Structures are given as structure tokens and as C-alpha cells.
Amino acid sequence: MNALTGLLREWMPSQRWFGSKGREWAGVTEESFFLDRSHPVLSIHRVTVTYSDGATETYLVPLSWRDHPAEELSAALVGTVPHENGENYAYDAMRDREATATWLTHLAEAATVGPMRFVPGEGAEIPAGLPGDVLSAEQSNTSLVYGQEAILKLFRRLEPGLNPDVEVHSALRRTGNPHIAPLLGHAEIDHDRDADTPPATVLMLQRFVPNASDGWRLATASVRDLYAEGDLHADEVGGDFAADSERLGAATASVHADMAQVLPTEEADRDWFNTVARQMTERLDAAIEVVPQLAEHADGLRAVYAAVAENPEPVVRQRVHGDLHLGQVLRTATGWIVLDFEGEPARPLAARRELDSPMRDVAGMLRSFDYAARHMLVEQPGDQQRAYRAQEWAERNRSAFCAGYAAASGMDACGNSPLLRAFEADKAVYECVYEARNRPHWLMIPLQSLSRLTAAGQRGEPRT
Ligand SMILES: Nc1ncnc2c1ncn2[C@@H]1O[C@H](COP(=O)(O)OP(=O)(O)O)[C@@H](O)[C@H]1O
Ligand SMILES: O=P(O)(O)O[C@H]1O[C@H](CO)[C@@H](O[C@H]2O[C@H](CO)[C@@H](O)[C@H](O)[C@H]2O)[C@H](O)[C@H]1O
């Protein structure tokens with residue numbers, strides 16, 4: 001292993017975008033090329049990690065280089081690499097403002113650099129000469145904001161094939177849907193060793209949505225208001241969120257309708273229900289290995305999943321968002337914008353592009369209302385009064401979201417559907433693994449929801 005590979009091995013696991021925290025590394029290889037040889041030099045590294053279970057993942061790491069330490073970049077230092085006359089300093093290029101204009105220049109020029117091709121969107125105006133500021137949000141990828149003009153997302157984990165975020169945004173451009181941020185361009189990278197493997201998507205550039213707040217921030221502010229007013233109910237306090245939840249339901253339905261218009265659809269047959277039930281059960285089995293506390297819910301969950309195969313409902317499968325939650329939606333002065341059509345970051349790309357029920361997304365958002373309501377209980381686990389209020393807030397906003405979705409789509413989105421219940425339970429299982437790996441102190445949020453989800457399933461009660 002050379003010095004740089006050793007540095008990356010040390011540095012990568014502590015990065016938020018590194019999805020396989022806690023997995024044992026068995027080996028690592030690295031390939032690189034220069035994207036920009038001016039100052040600062042910018043190199044692109046494809047780092048392939050092999051884990052002890054034999055699985056591999058390839059991550060993209062752009063580095064900027066200096067021959068002396070840059071004080072202002074100390075937090076972005078990856079490490080130093082010795083050379084004949086001293087040392088080179090390697091920085092996380094996404095946090096080095098001087099290295100951020102290159103992405104836009106290459107996009108505007110539709111450049112090809114080594115194995116990487118930049119593809120501007122048709123007629124898109126790519127801003128020029130602006131430095132990018134890295135977004136501090138907790139993310140699976142890394143984003144740069146260029147003024148109020150554009151936002152660039154660098155996909156950290158490379159997988160062959162077009163990224164669904166680019167694919168869906170590109171298709172939705174034709175519909176003029178008001179609930180998405182238009183795509184300005186993307187870039188892809190070839191596989192050096194295998195000409196038959198399709199290129200991987202490296203980045204996408206979208207129009208920046210100015211003056212917006214994300215749904216998580218707004219929803220949790222509403223929950224805080226409710227907690228502050230000990231005696232009032234969710235519909236009586238100033239920060240009631242239900243009208244926004246209803247509009248969010250309508251926006252989600254509008255995006256689903258347009259996705260069904262411009263991307264393939266197919267009526268679900270019996271096999272699909274069997275497959276969904278089997279996949280959920282497999283995901284549960286794998287999740288128990290990571291989160292042993294899930295075992296006590298396993299029988300209840302298996303019953304919820306089996307009900308999917310036993311009660312096939314009319315479903316038109318279509319492309320969906322795949323990981324819809326309050327952190328993926330922005331509230332502007334005029335309405336909601338839905339972001340990030342990538343699906344769950346841990347799932348293989350082919351699985352994330354499969355046709356699915358739009359109820360998968362409805363379930364994701366229903367889970368998110370639960371999260372928003374309960375996350376402040378983590379610090380006060382024994383506070384029964386707050387737990388009751390949290391439940392009330394979640395029910396009110398879940399119902400409002402469903403009502404908005406139903407009104408816009410003409411579909412009773414949240415009726416007593418075994419499929420919807422199973423999607424919610426499956427998402428909560430996914431969240432248990434996600435929290436165990438990324439935020440163990442939040443594991444109790446999805447874990448506690450499982451008792452409610454499986455109990456409602458066993459009694460055949462309608463969900464709220
Ligand atoms: N077009 C946009 N305009 C403004 N902010 C955006 C835009 N796209 C993303 N963001 C901000 O970046 C955050 C992360 O973006 P997202 O696409 O969800 O990345 P990730 O895949 O890493 O989760 C969002 O929560 C939002 O705050
Ligand atoms: O990084 P992504 O936005 O693609 O999604 C991952 O991270 C999310 C957390 O940031 C995670 O969402 C979970 O936590 C949210 C609160 O932070 C909550 O609103 C969601 O309902 C809950 O699923 C998401 O699951 C994960 O894929």
C-alpha cells in the first residue's frame with residue numbers, strides 16, 4: 001500500500017458519506033488522475049475497499065494539493081505525502097474553495113478529462129466563476145452550493161449505470177413539474193479496466209432553490225412549539241404544521257403522477273407481492289445481525305410482511321423516490337420541492353431503479369412524521385406526557401399528508417393497506433440499521449415504532 005492509500009484508509013471511515021462504518025477492511029486499492037493541474041492541483045481518486053466478507057465498494061475522493069500547509073484548510077487536511085524535497089499536503093477538495101470552480105468550468109465546456117465526461121443539460125445555464133461552499137448537512141454525498149445559483153452533488157459511492165437522481169430529474173424536466181429543482185448537468189466516469197461496464201455517475205448540478213427551509217427543520221420547530229405549550233393540542237398551537245403536511249402530500253402526488261407519465265409503469269402481478277414480502281423478510285434477517293434488539297419484533301414483522309403476499313391489492317408499479325423523508329423536501333415561499341431521487345443509499349443501484357409502488361414513498365414520509373415527533377423524546381425517555389403529545393402531533397400530520405395526497409391523486413393513499421403497513425415496517429427496520437451505524441443514540445426512535453407497527457398489524461386495526 002502506498003502512503004496515500006494508507007492515508008485514505010485512515011481518513012475515509014470517519015467521513016459522514018462513508019456508508020460502511022463498522023465494517024472490517026480486508027484490502028484497499030486506489031486509481032487516480034488529475035482533473036486540474038493549475039493551482040491548486042486537483043486529483044480524483046477511485047478507492048476500492050474490500051471488506052472481510054468479500055464485498056467491495058468504490059468511493060470517489062477528490063483531493064486538492066499544496067506544497068505547504070494552508071492554515072485555513074486545517075480541518076480539511078487528509079494528510080501529508082512525502083516526496084524528495086519535503087511533503088505534499090492533501091486536502092479534501094470539496095472543502096477547498098479554491099478547488100471548487102473547476103467542476104463548473106468543465107461542465108460549461110462539456111469537457112472530457114481522462115475517464116471523466118461532463119454533460120451539461122440541454123439549454124442549461126451553468127454559472128461561471130463562482131466558488132462553491134460545502135454544505136454542512138449530514139449527507140450520504142457531498143454538495144457544494146454556488147452562491148444562490150446552483151448546487152452540485154458529488155456522488156461518493158460509484159456504481160456502474162446512470163444514477164437515478166440524474167435519470168429522474170432529467171425525465172421530469174420535460175414535464176415542467178413545479179415541485180422539483182431543474183437539472184443543469186451531470187458527469188460520468190468510465191471504468192478503466194472493463195469497457196463493457198457502463199460508466200458511473202459522478203456528480204449532478206441542479207438549480208439552487210433560494211430562501212427555502214427543509215421539511216425536517218420546519219416540522220421539528222412545530223414539534224418544539226407544541227412541547228413548549230404544555231396544555232395545548234397540536235391544532236391549537238401557533239406552529240401547527242398540518243396545512244404544510246397536506247400541501248406536501250399534494251406535491252408528492254403531483255411528482256408521482258409526472259414520474260408515471262414520463263417513465264415506465266407496469267401493473268403489479270402476484271409474483272411482485274411475493275417478491276416484496278420475501279425481500280422484506282430477507283432485509284429483516286440481515287438487519288437482526290446488525291441490530292440484535294430487532295429479534296423481539298421478528299415474529300410480528302414477519303406476519304406484517306406475509307400479509308402483503310396474502311392480500312394483493314391493485315398496484316401500478318412506477319419509478320418512485322425511494323427514500324422520501326422530511327429532510328428531502330424544501331419549503332419555498334410558493335410550495336414544496338422534492339429532492340434527491342437516489343433511493344436508499346445502501347441499496348444496489350439496479351434495485352433502486354426498479355419499478356415500485358408509490359406507497360413506498362408515502363410510507364417513508366409517514367415514518368418521518370413519527371421521527372420528527374419523537375426525536376426530542378430521546379433525551380426524556382420517561383416523559384409520558386410528551387410521548388402522548390408526540391403521538392398526537394404525528395397522527396395529525398400523517399393524516400394531513402394522506403389527505404393532501406388523496407385529494408391530488410384521487411387515491412385513498414393511507415387506507416387500511418397491508419402493503420403500506422409493510423412498507424412502513426420495512427422502512428423502520430432499515431432505519432434501525434441506519435441509526436445503529438450512524439447515530440446509535442437515535443436507534444430507539446425506529447425501534448420503538450416497531451411495537452406499534454406490528455401490534456396494529458396483528459389486530460388488523462386501521463393505521464393513523
Ligand atoms: N436544489 C437545491 N436547492 C437548495 N438546497 C438544496 C438543493 N438540493 C439539495 N439541497 C440541500 O442539500 C441537502 C442534501 O441534498 P440531497 O440531494 O438530499 O443530498 P444527499 O443525497 O447527500 O442526501 C438538502 O437537504 C437541502 O438542504
Ligand atoms: O442521506 P439521505 O438523506 O439520503 O438519507 C439517509 O439519512 C437520513 C437521515 O439524515 C435517514 O432518515 C432518517 O432520519 C430522518 C431524520 O434525520 C427522518 O426524517 C427519516 O424519516 C429517517 O428515515 C434516511 O433513512 C437515510 O437513508
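## Starting with a question

Which helix gives the largest share of the shell around ligand 2? It's α11, with three residues. Keep in mind that what you're looking at is a predicted model.

## Around ligand 2

Let's stay with ligand 2. It has 14 residues around it, and the ones that come nearest are S140, D323, S368, Y430 and E431. Helix α11 covers 418–438, and α9 covers 359–374; each of these two helices supplies at least two residues of the shell. Sort the shell by type and you get six nonpolar, four polar and four charged residues.

Now zoom in on some oxygen atoms of ligand 2. A polar side-chain atom of Y430 sits 2.5 Å from one oxygen atom, and S368 has a polar side-chain atom 2.6 Å from an oxygen atom of the ligand. On its own, ligand 2 has 540 Å² of accessible area, and the protein covers 92% of that.

## Around ligand 1

Over to ligand 1, which is surrounded by 16 residues, with Q139, K153, V209, Q328 and D340 the closest. By type, the shell splits into seven nonpolar, five polar and four charged residues.

Here the backbone gets involved too. A polar backbone atom of R207 is 2.9 Å from a nitrogen atom of ligand 1, while G327 puts a backbone N or O atom 3.1 Å from a ligand oxygen. D340 uses its side chain instead: a polar atom there lies 2.7 Å from an oxygen atom of ligand 1. Taken alone, ligand 1 exposes 560 Å², and the protein buries 88% of it.

Definitions and conventions: Residues are numbered from 1 along each chain as its sequence is written. Chains are lettered from A and ligands numbered from 1 in the order in which they are written. This is a predicted model: local features need pLDDT of at least 70, side-chain atom pairs count only at pLDDT 80 or more; totals for chains, interfaces and linings use all residues. Side-chain values use heavy atoms; hydrogens and water are left out. A residue is near a molecule or strand if one of its heavy atoms lies within 4 Å of it. A polar contact is a pair of N or O atoms within 3.5 Å; within protein, one must be able to donate a hydrogen and the other to accept it, and residues adjacent in sequence count only if both atoms are side-chain atoms. Accessible areas come from the Shrake-Rupley method with a 1.4 Å probe; for residues, only the protein chains shown count as cover. Ala, Val, Leu, Ile, Met, Phe, Trp, Tyr, Cys and Pro count as nonpolar, Asp, Glu, Lys and Arg as charged, and the others, Gly among them, as polar. Helices (H or I, at least four residues) and strands (E, at least two) are DSSP runs, numbered from the N terminus.
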